[in-house]
Amino acid sequence: MKAIVYQKFGGIDVLQTIEEPKPAIQANHLLIKVKAVSINPMDWKIRKGEMKLMSGSTFPKHTGVDFAGIVEEAGTAATNFKKGEEVFGVVANTMKEGALAEYIAIPASSVWKKPVNLSFTQAASVPVVGAAAVEILQKMGNITAHSQILINGATGGLGMILLQLLKQQGAKVTAVTSTKAMDVAKKWGAGRVVDYTKENILSQQSRYDVVVDLSGKMGYTNARQIMKPKALFLNPTPKPIEIPTALFKNLFISKKHIVILSKPSAKNMDLLSAAIRNGLQIQVSHVFPFAQTKQAYQFAEQGGYIGKVAIEIS
Ligand SMILES: NC(=O)c1ccc[n+]([C@@H]2O[C@H](COP(=O)([O-])OP(=O)(O)OC[C@H]3O[C@@H](n4cnc5c(N)ncnc54)[C@H](OP(=O)(O)O)[C@@H]3O)[C@@H](O)[C@H]2O)c1
């Protein structure tokens, strides 16, 4: 079978398509015929060696972490699934494993039944960003219709789900996007939209109870300027040093810096499946065939897309 691997850290050029044996499964595993894999920024951060501390430096490495597909074979202990079922999921260790292959063997605990109203590319786009959106929502605590919430970078994969979950809760959100994404941000639930190519949100008068930075470009020090005295800064793109230091500093400061480290689970996928049944939309703006994996990453790494980019395996 074909799989995408790389033998050293680097840019898109290190990606290779190789032939390797179909993986064998253990009792608690499923063998999945992969139909789609979505692209996440973590794929290229790992590939470029920016997350070496967690990914390690052994090669070859596979890539692509969330997927949708069809159960080809269920291990003897994976009794919740049967051959032919449509599923979606995430590799068990997102730092060390990859789903971009024709078949993957994966613990049944990392796989869930695909929502019937989603295509394979849409379902593959849910686990990583969906789990983070749920985690961010939970960390916001008790938000009311009066809470002032800012989402910076609101129309990528994570923002797409977070905006719509907040809308389902009746929250009022200011979204920061590029010009072409302003309409979609409104459609997904933003009450007010600021175009970052024309206005600097940091120099405006508004103050927020919650600031979420999905662009990775704002940072806590900048965000402080637009936070109310007891506000939260929710940060899913922390620098490694911020993971312990934010916790410690929060003991002494009122404007809290909350690092988000999420993991897809049955609980958060159930919540998302319910939200999807309730109308939450998964927009996959661009789908590339498996043979064009490099082009898919080249496109995604440039940014400027709305929602998600996915790779389809026929
Ligand atoms: N910690 C966790 O558990 C976890 C889980 C999932 C994701 N993440 C991280 O969370 C971040 C967001 O994920 P994602 O999948 O949504 O990424 P994404 O699809 O690349 O979205 C990033 C968004 O930031 C916007 N942006 C770029 N420059 C900006 C600027 N200067 N000001 C405001 N917005 C700007 C982009 O808009 P344009 O493209 O229109 O410029 C895009 O909509 C990524 O860094 C990802 O690695 C963390």
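Figure 1. F248 and M51 are 197 residues apart in sequence, and their C-alpha atoms are 22 Å apart in space. The model shown is predicted: local features need pLDDT of at least 70, side-chain atom pairs count only at pLDDT 80 or more, and totals for chains, interfaces and linings use all residues. Residues are numbered from 1 along each chain as its sequence is written.

**Figure 2. The whole chain, for orientation.** The chain has 10 helices and 16 strands. Its C-alpha trace spans about 60 × 40 × 40 Å along the principal axes. A compact globule of 314 residues would have a radius of gyration near 20 Å, and the value of 20 Å for the chain agrees with this; the radius is taken over C-alpha atoms, and the globule rule is 2.2 Å times the number of residues to the power 0.38. Of the 314 residues, 46% count as buried. Contacts are assigned when the C-beta atoms of two residues, placed from the backbone, lie within 7 Å. Among contacts between residues at least 6 apart in sequence, 67% join residues at least 24 apart.

Figure 3. The chain is divided into domain 1 (2–126 + 282–312) and domain 2 (129–259), with bounds that come from an automatic or database domain assignment. The domain centres, taken over C-alpha atoms, are separated by 28 Å. Nine residues of domain 1 are in contact with eight residues of domain 2. On the side of domain 1 that touches domain 2, the residues divide into three nonpolar, five polar and one charged. In this classification Ala, Val, Leu, Ile, Met, Phe, Trp, Tyr, Cys and Pro count as nonpolar, Asp, Glu, Lys and Arg as charged, and the others, Gly among them, as polar.

**Figure 4. The shell around the ligand.** The ligand lies between domain 1 (2–126 + 282–312) and domain 2 (129–259), because both give residues to the shell around it. Of the 28 residues around the ligand, A132, G153, G156, L158 and S215 come nearest. Two or more residues of the shell are given by each of α1 (41–47), α4 (127–140) and α5 (157–168). By class, the shell has 13 nonpolar, 14 polar and one charged residues.

**Figure 5. The largest nonpolar core and L163.** A nonpolar core is a set of buried Ala, Val, Leu, Ile, Met, Phe, Trp, Tyr and Cys residues joined through C-beta atoms within 7 Å. The largest such core has 98 residues, of which L30, A133, I151, L162, L163 and V211 touch the most other members. Helix α4 gives the most to this core, with nine residues. At least three residues of the core are drawn from each of domain 1 (2–126 + 282–312) and domain 2 (129–259). Neighbours within four places in sequence left aside, L163 is in contact with I151, A154, V173, A175, A185, W188, G189 and A190.

**Figure 6. V212 in strand β12.** V212 lies in strand β12 (residues 208–213) and counts as buried, with 32 C-beta neighbours inside 10 Å. Beyond its neighbours within four places in sequence, V212 is in contact with I136, L150, I151, N152 and L234. The C-alpha atoms of V212 and A154 are separated by 9.0 Å, although the two residues are 58 apart along the chain.

**Figure 7. I226 in a loop.** I226 lies in the loop between α7 (219–223) and β13 (227–235). This residue is buried, with 22 other C-beta atoms within 10 Å. Not counting residues up to four places away in sequence, I226 touches L150, I201, L202, S206, R207, Y208 and V211. For I226 and L202, 24 residues apart in sequence, the C-alpha to C-alpha distance is 6.3 Å.

**Figure 8. The cis peptide bond at P60.** The peptide bond from F59 to P60 is cis, with omega near 0°. P60 lies in the loop between α2 (52–55) and β4 (61–62). In general, most peptide bonds are trans.

Conventions
Near = placed C-beta within 6 Å. Helix = DSSP H or I, 4+ residues; strand = E, 2+ residues; numbered from the N terminus. Buried ≥ 20, exposed ≤ 12 C-beta atoms within 10 Å, placed from the backbone.
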